Amino acid sequence: MFDSHVHIIDPRYPLVENQGYLPKPYTIGDYRKRMARFDVDGGAVVSASFQGTDSTYLTAALAELGENWVGVINLPADVTDERILELDRAGVRGIRFNLKRAAVDIVTLTMQAVRAYELAGWHVELYIDGSMLGSLEPVISKLPALTIDHMGMSDDCLPYLLNLVDRGARVKASGFGRVSMDVERSMRRVHAVNPGALMFGSDLPGNRAGRPFRDADIEIIGRAVGPDMYRVLEDNARACYRLPVKSRSSDDPAPTLPIPRVESPTLRLHRSELPQPPDRTRPLRIIE
């Protein structure tokens with residue numbers, strides 16, 4: 001499993017109060033304990049609004065988590081090309097724009113997104129309320145590579161979301177406890193437009209969400225995408241974050257075995273041993 005949306009809140013690094021909110025610590029150890037029942041072997045650590053543009057916590061987390069883990073960061077407007085390339089070497093693969101909890105200059109962000117893409121191949125991850133998606137679609141659709149967090153948040157955005165998916169955008173199947181939408185129906189429709197679009201994310205620890213991730217959320221994804229579950233849980237995100245996609249054998253891991261014989265097979269009889277017909281055929285009786 002690849003978890004494409006995780007927040008690590010390490011108390012050793014600075015936090016910025018956002019709209020009067022500061023989260024409780026949520027360490028790598030806390031995350032591993034919570035997801036112990038799942039086979040998580042990779043993921044994306046995503047910078048939240050209360051972490052500002054700090055990158056020290058993120059590079060430290062990626063170094064501890066190791067191979068197959070990447071980062072998504074909030075960048076300052078004056079970030080240099082050299083710093084983007086340095087962060088790319090540390091494992092950062094995307095830039096996040098929080099349009100839900102912050103007033104931003106979308107033109108400046110778009111220029112920054114294009115620069116990060118041209119320098120390092122980074123995509124943009126948008127945390128945006130569904131009500132804004134329609135009005136910003138003309139600008140958003142010009143971004144070179146795009147991911148939408150938490151299914152776009154509401155059913156109102158679904159027509160615009162599907163248009164973006166049709167143009168190549170990816171969508172995080174995450175934050176089910178913070179959205180106002182029919183999650184299963186929305187996932188089914190996104191998947192129908194592009195089976196490579198949906199990516200599972202736990203959104204742990206679920207800061208300010210109505211409820212955090214539940215194990216049963218995996219079952220909702222399974223009902224929505226059926227046999228393509230492995231793509232949503234792993235392959236789509238690996239492709240998005242430029243990691244090797246795991247090879248899977250098409251052979252049946254538990255093939256049906258032949259039934260063992262318990263007796264000797266029936267032996268063929270020679271023609272001379274077969275029952276012989278009578279010498280002549282007797283006619284049927286005539287019934288008057």
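How much space lies in the second largest cavity? Hi everyone, let's begin there. What we have on screen is a predicted model, and in that model the second largest cavity holds about 90 Å³. Its lining is made of 16 residues, and those closest to the centre are Gly175, Phe176, Ser202, Phe213 and Asp217. What is the lining of this cavity like by class? There are six nonpolar residues, six polar and four charged. As for how many cavities reach 30 Å³ or more, the count is two.

Now let's go from cavities to pockets. The second largest pocket has a volume of about 240 Å³. If you want to find the pocket on your screens, look for Pro144, Ala145, Leu146, Gly168 and Ala169, which are the closest to its centre among 18 lining residues. Which elements give two or more residues to that lining? They are strand 6, residues 146–148, and helix 9, residues 229–240. Sorted by class, the pocket lining comes out as 10 nonpolar, five polar and three charged residues.

Helix 8 covers residues 216–225, and the two helices pack at about 115° with their axes 7 Å apart. From helix 8, the contact uses Ile218, Ile221, Gly222 and Val225, while helix 9 brings Met229, Val232 and Leu233. How many charged residues are in this contact? There are none: six of the residues are nonpolar and one is polar.

Let's compare that with another pair, helix 6 and helix 7. Helix 6 runs over residues 158–166 and helix 7 over residues 183–193; their axes are 9 Å apart and the packing angle is about 30°. Because of that angle, helix 6 is roughly parallel to helix 7. The crossing is right-handed. On the helix 6 side you'll see Leu158, Leu161, Leu162, Val165 and Asp166 in the contact, facing Arg185, Ser186, Arg189, Val190 and Val193 of helix 7. Here charged residues do take part: the contact has three of them, along with six nonpolar residues and one polar.

Is the crossing left-handed or right-handed? Helix 3 passes helix 4 in a right-handed crossing. Helix 3 contributes Asp81, Ile84, Leu85 and Asp88 to the contact, and helix 4 contributes Arg115, Ala116, Leu119 and Ala120. By class, that gives five nonpolar residues, three charged and no polar ones.

Before I stop, here are two spots in the backbone to click on. What is the geometry of the peptide bond from Leu204 to Pro205? That bond is cis, with omega near 5°.

Met151 is not a glycine, yet its phi is positive, at about 60°. You'll find Met151 in the loop between strand 6 and helix 6.

Definitions and conventions
Residues numbered from 1 in each chain as written. Predicted model: local features only at pLDDT ≥ 70, side-chain atom pairs only at ≥ 80, totals over all residues. Heavy atoms only, no water. 1 Å grid on protein atoms, 1.4 Å probe; cavity = no way out; pocket = protein on both sides within 12 Å on 5 of 7 lines; lining within 4 Å. Points joined across faces, edges and corners; volume = space filled by probe spheres on them. Nonpolar A, V, L, I, M, F, W, Y, C, P; charged D, E, K, R; others polar. Helix = DSSP H or I, 4+ residues; strand = E, 2+ residues; numbered from the N terminus. Axes fitted to C-alpha atoms, helices over the stretch in contact; angles between N-to-C directions. Parallel < 35°, antiparallel > 145°, perpendicular 65-115°, else oblique. Left-handed = near helix turned anticlockwise from the far one by under 90°. Contact = heavy atoms within 4.5 Å.
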